[in-house]
Amino acid sequence: MKTITADIAIIGSGVGGSSVAHQLAGSGAKILILERGDFLPNEPQNSDAEAVFVQSRYKTREEWQDAKGALYRPGQYYYVGGHTKFYGTAMFRFRPRDFVSTMIDGAASPSWPISYDDLAPHYAKAERLYGVRGHSGLDPTEPPRAGFPHAAIPHEPVIAALADRLRGLGLHPFPMPSAVDYGPGGACQRCGTCDAFACRYDAKGDADTRVLRPLLTHPDVRLERNAEVTRLIVDDRGQRIIAAEVQRGGAMFRVEAPLFVLSAGAINSALILLRSACEAAPEGLANRSGVVGRYLMNHHLTGMMGISPFATNDTKFPKTLSVNDFYHGLPGDADARGNVQMLGNIQGPMIRSTYPAMPRALANWLGRHSVDVLAMSEDLPNPDSRVRLTSGGQVVVDYRPGGTAAHDRFVRHVRGILRRAGFAAVLRHSFGIQAPSHQCGTVRMGNDPASSALDGMCRAHDHPNLYVVDAGFFPSSAALNPALTIAAQALRVGAHLHNTRGQDAGAAV
Ligand SMILES: Cc1cc2nc3c(=O)[nH]c(=O)nc-3n(C[C@H](O)[C@H](O)[C@H](O)COP(=O)(O)OP(=O)(O)OC[C@H]3O[C@@H](n4cnc5c(N)ncnc54)[C@H](O)[C@@H]3O)c2cc1C
């Protein structure tokens, strides 16, 4: 088997992998990034809702099994840049209270081993790196911070009118922080397809466009595409990772490095660790605690369509507004809580992809006459909510959301507000684990090696030269979009590795 060597091997080129690579470039270490996907082709179908949603053109073809044994094609995207190629560009910092333990309807959300203050400088750097636009001082839950690197994207008329109506109801809508290269001289063409589509104009602040592609000009950074890591190999004592086995087409090759950074996404990183089980680590790598693959979370995500039968919504980029008045609880019900933000424009084909029996004309009418809102609440970690492998290697996703009743109360409240804001009807739809867009928690960090896989610097308790920097490290999900927190922690880990030059990992970088 061919062997490639590097000083640092990074597995996965999503927001975690790209951000850690950004921080490590220039350290003198030879960095090799292994990515199972290729560059996403730039083609008209990128912004064609029929191709993206009805034909599932970009989704993986692999099949996972749900808890009832049914096979399905998950909403997973394997490309350079990972899921940020399709993300909605909402780039929120978690709130200081998200890092400390809390209860929701009697169930616990644990503390993180790090605080907001640990991440604050890296949040600021991540906002610059990904080009986040926003306006500080208007979100009532916002921690003290310097301004955003770029001015907020202004509301289009329909969204401005909604903001006015929400203010009239006593709320504090604020410009949603968003990573889009918008404005004079910017790449954004206001094409109207952004959230859940890939950007044909490289205007989205995704990990490929903003971080990895510029890095590839660096002589020490090398990207291997179509290179799927099947497992990691550990030494005979079960301590140091010595190699990764990689599959490309029908062929295998091996990568050896003194330091490995795993960032294949929360579900796939857990699967790689579980597939790496061997005599020295029979439950899989980094898994003496038994937590790998467990505590799978995905946020409670409910889409709401506010319908106005006599008005059409021609907004091109609606994701300019968010409401955090209920982030820490409803009046009289502190457990029912979360964030409210605009969704990308829901179009007819998107509705038909979920409700295939709906007549095309009705779906298109709903798409034109709706203003689309997302209510997001914290999903609580549960050890029985897990991804695992059968003895035959089939991936099983046995997802058990936590905090569903509290989310439902929150959604009913938000729905009432939308009705009071003037919508004739408000339709709702819950997004499930079939599209695990906010997957996290499967390789959790913590101070106690008996109940976590990683320490607060994302280093595996069991392996000194293994770090995991995708959303798998989250001990709790908070109720805000995850990408900026993944980026900030990956930058923090990268800075640590750069400064120590891998000494604590015993790595020769
Ligand atoms: C439609 C959609 C909209 C979203 N909108 C937002 C939003 O507005 N704001 C926000 O914050 N978040 C959003 N998210 C979530 C966000 O995109 C993810 O949380 C984030 O991108 C995850 O980053 P990651 O680095 O943890 O993992 P990933 O993005 O999954 O990256 C993992 C990478 O590893 C590669 N990989 C996987 N397995 C292997 C293997 N075995 N070998 C080698 N490579 C491998 C993958 O191809 C991928 O490139 C959205 C997600 C989706 C799908």
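Is Phe99 buried or exposed, and what is its relative accessible area? Phe99 is buried, with a relative accessible area of 2%. Buried here means under 20% relative accessible area, exposed means over 50%, and partly exposed lies in between (1.4 Å probe, protein chains only).

The model is predicted: local features need pLDDT of at least 70, side-chain atom pairs count only at pLDDT 80 or more, and totals for chains, interfaces and linings use all residues. Residues are numbered from 1 along each chain as its sequence is written, and side-chain values use heavy atoms, with hydrogens and water left out.

Phe99 sits in the loop that runs between strand S5 (71-72) and strand S6 (102-104). Helices (H or I, at least four residues) and strands (E, at least two) are DSSP runs, numbered from the N terminus. Contact means heavy atoms within 4.5 Å. Leaving aside residues up to four places away in sequence, Phe99 touches Phe94, Ser111, Trp112, Ile114, Ser115, Tyr116, Leu119 and Tyr123. Pro110 is eleven residues from Phe99 in sequence; the C-alpha to C-alpha distance is 8.1 Å.

At the level of the chain, the secondary structure comprises ten helices and 23 strands. The radius of gyration is 22 Å, close to the 23 Å that the globule rule gives for 509 residues, so the chain is as compact as a globular protein of that length. The radius is taken over C-alpha atoms, and the rule is 2.2 Å times the number of residues to the power 0.38. Along the principal axes, the C-alpha atoms fill a box of roughly 70 × 50 × 50 Å.

Burial extends to 59% of the 509 residues. Of the contacts with a separation of 6 or more, 72% join residues 24 or more positions apart.

The structure holds zero disulfides, a disulfide being a pair of cysteine sulfur atoms within 2.5 Å. For Cys188, the nearest cysteine sulfur is that of Cys191, 6.7 Å away. Cys199 also has the sulfur of Cys191 as its nearest, at 6.1 Å. Cys188 counts as partly exposed, at 22% relative accessibility. Cys199 counts as buried, at 16%.
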